[in-house]
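Reader: I have a protein model open and would like to go through it bit by bit. Can we start?

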Amino acid sequence: MNPDVREQILTIISEIPSGRVTSYGRIAAMTDGASARMVARALRDLPSGHELPWFRVVTASRKLADHGGADEQRKRLIDEGVAFDERGRIAQELFWP
């Protein structure tokens, strides 16, 4: 992945406010040529111990992606006041930007 695009992705993720979420696709649209899959790859490649709010990135269907950290992601979002409906979706009004 182009290092400049990766840096753009990580910068956008760092700016997601507490209690809000955004999608892989929205992040990609804010960059110079990334795709949603590239955003997911940038998140997978983060080193352990990083401080980025990775857990604020969800799917376009307003659900958590199926990955090993989904339980931790749900807990962190709930701790920030993000609620899930009975189908596991997050309210559209919580999406940033």
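Reader: Where is Arg56 found?
Author: Arg56 is in the loop between H3 and E2. Helices here are DSSP runs of H or I with at least four residues, strands are E runs of at least two, and both are numbered from the N terminus. This is a predicted model, in which local features need pLDDT of at least 70 and side-chain atom pairs count only at pLDDT 80 or more, while totals for chains, interfaces and linings use all residues. Residues are numbered from 1 along each chain as its sequence is written, and side-chain values use heavy atoms, with hydrogens and water left out.

Reader: Is Arg56 buried or exposed?
Author: Arg56 has a relative accessible area of 11%, so it counts as buried. Buried means under 20% relative accessible area, exposed means over 50%, and partly exposed is in between, with a 1.4 Å probe and protein chains only.

Reader: What is Arg56 in contact with, leaving aside neighbours within four places in sequence?
Author: With those neighbours left aside, its contacts are Ile16, Pro17, Ser18, Gly19, Arg20, Val21, Thr22, Leu77 and Glu80. Contact means heavy atoms within 4.5 Å.

Reader: Thr22 is on that list. Which strand is Thr22 in?
Author: Thr22 is in strand E1, residues 22-23. Thr22 is buried, because its relative accessible area is 0%.

Reader: What kind of peptide bond joins Trp96 and Pro97?
Author: A cis one, with omega about -15°. Pro97 is in the segment after helix H4, residues 70-79.

Reader: Another proline: where is Pro17?
Author: Pro17 is in the loop between H1 and E1. At a relative accessible area of 30%, Pro17 is partly exposed. Leaving aside neighbours within four places in sequence, Pro17 is in contact with Arg56 and Trp96. Pro17 and Leu43 are 17 Å apart, C-alpha to C-alpha, and 26 residues apart in sequence.

Reader: Leu43 brings me to H3. Which residues of H3 are buried?
Author: They are Met38, Val39, Ala40, Ala42 and Leu43.

Reader: What covers them?
Author: The cover includes helix H1 (3-14), helix H2 (24-29) and strand E2 (57-58).

Reader: New topic, the largest pocket. How much space is in there?
Author: About 300 Å³. The search runs on a 1 Å grid over the protein atoms alone: a cavity is a set of points where a 1.4 Å probe fits but cannot get out, and a pocket is an open set with protein on both sides within 12 Å along at least five of seven lines. Points are joined across faces, edges and corners, and the volume is the space filled by probe spheres set on them.

Reader: Which residues line the largest pocket?
Author: The lining includes Tyr24, Ala40, Leu43, Trp54 and Asp66; a lining residue has an atom within 4 Å of a point. Helix H3 (residues 36-44) gives the largest share, three residues.

Reader: How does the lining divide into nonpolar, polar and charged?
Author: Seven are nonpolar, three polar and two charged. Ala, Val, Leu, Ile, Met, Phe, Trp, Tyr, Cys and Pro count as nonpolar, Asp, Glu, Lys and Arg as charged, and the others, Gly among them, as polar.

Reader: How many aromatic pairs does the structure hold?
Author: One. The ring centres of Trp54 and Phe55 are 5.9 Å apart and the planes are at 90°, so the pair is edge-to-face. Rings of Phe, Tyr and Trp (its six-membered ring) pair if their centres lie within 6.5 Å; planes under 30 degrees apart are stacked, over 60 edge-to-face, and the rest tilted.

Reader: Are Trp54 and Phe55 buried or exposed?
Author: Trp54 is buried at 18% relative accessibility, and Phe55 is buried at 8%.

Reader: Last one: where is Asp32?
Author: Asp32 is in the loop between H2 and H3. Asp32 counts as exposed, at 62% relative accessibility. Not counting residues up to four places away in sequence, Asp32 touches Val5 and Gln8.
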